[in-house]
Amino acid sequence: MTFVGTSADATPPPVGTQLLSVGTGEQAGEGGQNPAVSADGRHVVFQSKADLVSLTPLYDRSASAGTWRVYSRDRASSVTTLLSDPAVDATDPQVSADGRRVVYRSATRLLHGLTQASSVVVDRDVSGTGQLDADGNVAASDFADGPPELTESFPGLCARDCGPKISADGSTVVYPSVASPVSPNFVVSVGSEGGSSIDVVNSNFVDINAVTGIARFNRNDPPVSVTVSTKSVVPGQETVDFTDRLSIQNPHGSRYGAGFRIGPKTCDASSTCSSTLTFDPELGCTAFDAAQSQRWNRLVIDGPTSAGHTSVVLKADCGPRAARAFCGSEPGSDGLYAPGLTAAEMARLPVRLGKPEQDRVAGNHIRLGSQSAGQPYLVAVPTRDLRGTVDFGTLDCEPIKLVDPGPQARANAAKTTGADPTPVPIGTRLDGTDRGTLYFLINPEFLPPSVRWGGAVPYQEPVYAAQLLLVSDDGGSPQGGFALTAFSVRQIVEARRDTSDSGGFTPGPAELVSRGSTDSWGVNELVDGAQPSLSADGRTVAYTRFDHPAAAVNQTAVAVTYRSDDGTWSPGGLVAYDQQFGTDSPSLSSDGRNVAYVRRPDPPATGQSAQVVVTRLVGTVTVQAVSTTAAGAPGNGDSSRPVLSPDGRVVGFISSATNLTEDQPADGPQLFLRTVSDKQGISRLGPADISGSAGLDEHGFLAVFATPDSLIGTDTNGRLDVYGRAAPGRLTVQPATIDFGSFARPSATPLGIQLTVGNAGPGPLTISGVLPAAPFRYEGTCTGRVILAGDTCTAVVSFTPGAAGTFTGLLRVEATTPGADGTQAAESTLKAVVADPPPPPAPSTTPPPSPTPPPSPTPSPSPSTDPSPSPSPSTPPPAADPPGPSGSSGRLAIWPVIARPGQVLEVRGSGFAPGTLVNLTWGASKPAKPVLVTPSGTFRAYVNVPSGQAGGTRAAITAADDRGSLLAYTDFLVETPPLQPPSFKNRG
């Protein structure tokens, strides 16, 4: 069932072109963008920096400039309402199907340049029975005041397509967030135990040797300790201490991670609190692998709010080691160090120049910052001034590798960094001259964290770290080197559902939507996702996935996930995945059965453009390109930002292509609308410059968009403004010629041919008349019907060859766009030929033959052997109907075949689909009787001949389904009533 919402007080909205980013009273446009429209077409929401004259049920108007405000515009009443606090930026509004609930992104500037963002839902009819936006009937719910997000998610860090989306029924909100092991609201401090100063860790990497000044540890050395403290920079939480929430991620150690432990929190007289981090060489510097001396673990700070989480890598060096690869990064057969990428893919990667810097806590260190999953890059480190034999170790064998990227990648690196392109492998002895470059591939793996770290912290993506050491020729003490760190940041999709039983919107706990498969530990994989779109009931979500392991470098894919009855989200399955293309920007229909998205060639290819595609997700999966010409040729420019109408009939998109329509559009992004089921039904609706995405109402009739062009005379500000424009339908009639052929002689038996009246869209049409030229006749129920984009109505055009001659004419179908002036018309040519009857044969002049004796009589057959018994007068056989319309196997029969006005006809049907509801119609009037087809495909019904029906004429009975499609028809002769004899009174 497709959800279609309507306001209780709705009136038909006006159509045509409207300027919508205006205040109450129709002031001239003062700027607006990012519009969305309710399914009923009445309520438009948008953002603007203007102080528009408006209703203010929640917040007072403010003359201060510089902030974005969210407004709602009622197209029926021309009333504008301010829905956001003008003191805080509010952007990316969306609206439910009935206009009652609006969601937007709210941002607040915090300390240290950090931004804390949240989603706000406004319920404009808390009572559920009042006027929208009435005082006391409006409530705003900020997600920041509800249950916290996931432990490691930070919506304020979102950097791409960050706006929330609300389901058509208003029950669910989905929004992009960011998962990171590093909280933007925390700083972690580490210092020598007993020292007076504490060093701030900016790199999330602690080198125990650097902090303690010990070059290397021996297993006989005593334990060493450093101090750790935490500090929050969230306003109002500066005094909150999280030091008692420190833990070692792998407390029991691993083969290379033993020896680390954290002590309890202690506080001094000044209320300064810290914990003790200890490394015990006796446990950590074990002798089972003398060649690997590095010991790795992680320190995790887990706070009670979403602001309280960060991850710090811990490292300690023990004993001498041999120069060899810890992670098996020896060259493979292709000359690469098993990076998981081909030489061609490596050549496409961006390159950064790495320069080690000295840090008291981290040692000699290269800070690589955040790493977005699915976006690998190379780090080039020149070897000048480095001495010793190259050795490499890491806690993260896949995310950070020492590689030979191939000749093309090395040449690219030389151009961008000036480094010597000669690769330096493990085991190379450096003498301090600039004779080569160390190449590091930064590419976080896509396994769930529970597989890597035992599932101690669900969903957490770690800080990745590696250490390059320069050892002496005899494999003894390290002579120098540097560490590298990068922390993984993933954009994810979260959902909140309304848990209130009454008005308002009470956000439930955050749910992770962008999930992959469940691993062997029972933990769902976190995947990198953005650009969510959801179904009307909020149970189906499509989003763009940026990190699919089968994808090429930087390639994206569209995933769809479903929420089960128990509240869990299924792993996101890919939609029409192809390794030659990247897909993104999905838009779901209300029922979740269809999704539109962009398909881009990857890698980019000359002559190929990004196209908009619609895929059916249920039944037989179909993939249909819609940014094409009427002949099916792809657009010659990039198409993007698709939006499906809620009913899935119409898709809108922005395109720079110039070949999609017959007219040549001006340069710039254009708005196109297309009927999904009709290859011919494409229309260029917008002006020459569209900003952002468009919005469509339920059937794709009304489109809202933002443009700097002035589409009406009162818009003179030269800025982006929000407009609404109606999209009329396009009437079609098939066949173009209705040819009944030639009849050998006049006859009273009519012939019917199916007529199909259609709408190529994108807007709906109302059929106002079907007018055939005489003597042709029309029988059907199309007149008065509203036909949506892609739909058709079938009827019958009949001809009775009652007289000889050639008959031609036109059948004219007229239609109007609901609420608009003007009429569309389409015509079909009518043609029939009836020949004169042949003359009677001439009298014979041949004399008659001689009489012959009659044949011998034969006995008459008995009644039981009569091969053709006559039917019983009480049960006459019904007359068979003419062939049904194309594609229909249903047949009708009636009794009697000649009936007078007022008589009851028996109508029998056969060959119909079992269980179908069939509407029997008399002539061109409305359906007279609904009949349910039996399991055997038959039915029997009784219909009265209208008492006003003229005698001596032919009439038709048609059978149609509930959409008006013709299934079968038949006709009969209406008998002329006999003259009544005069009445005589009994005289005697």
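Author: Phe776 and Phe799 are both buried, where buried means under 20% relative accessible area, exposed over 50% and partly exposed in between, with a 1.4 Å probe and protein chains only. The model is predicted: local features need pLDDT of at least 70, side-chain atom pairs count only at pLDDT 80 or more, and totals for chains, interfaces and linings use all residues. Residues are numbered from 1 along each chain as its sequence is written, and side-chain values use heavy atoms, with hydrogens and water left out.

Reader: How many aromatic pairs are there by the pairing rule?

Author: Rings of Phe, Tyr and Trp (its six-membered ring) pair if their centres lie within 6.5 Å; planes under 30 degrees apart count as stacked, over 60 as edge-to-face and the rest as tilted. The count comes to 16 aromatic pairs. In one of them, the planes of Phe743 and Phe799 stand at 45° with ring centres 5.7 Å apart, so the pair is tilted.

Reader: Is Phe743 buried or exposed?

Author: Phe743 is buried, as is Phe799. For Phe776 and Phe799, the ring centres are 5.2 Å apart and the planes at 35°, so this pair is tilted.

Reader: Which residues form the aromatic cluster?

Author: One aromatic cluster is formed by Phe740, Phe743, Phe776, Phe799 and Phe807.

Reader: Where does the charged end of Arg160 sit?

Author: A charge sits over a ring if NZ of Lys or CZ of Arg is within 6 Å of the ring centre and within 35 degrees of the ring normal. The charged end of Arg160 is over the ring of Phe546, 3.7 Å from its centre. Arg599 lies over the face of Phe581, 5.0 Å from the ring centre.
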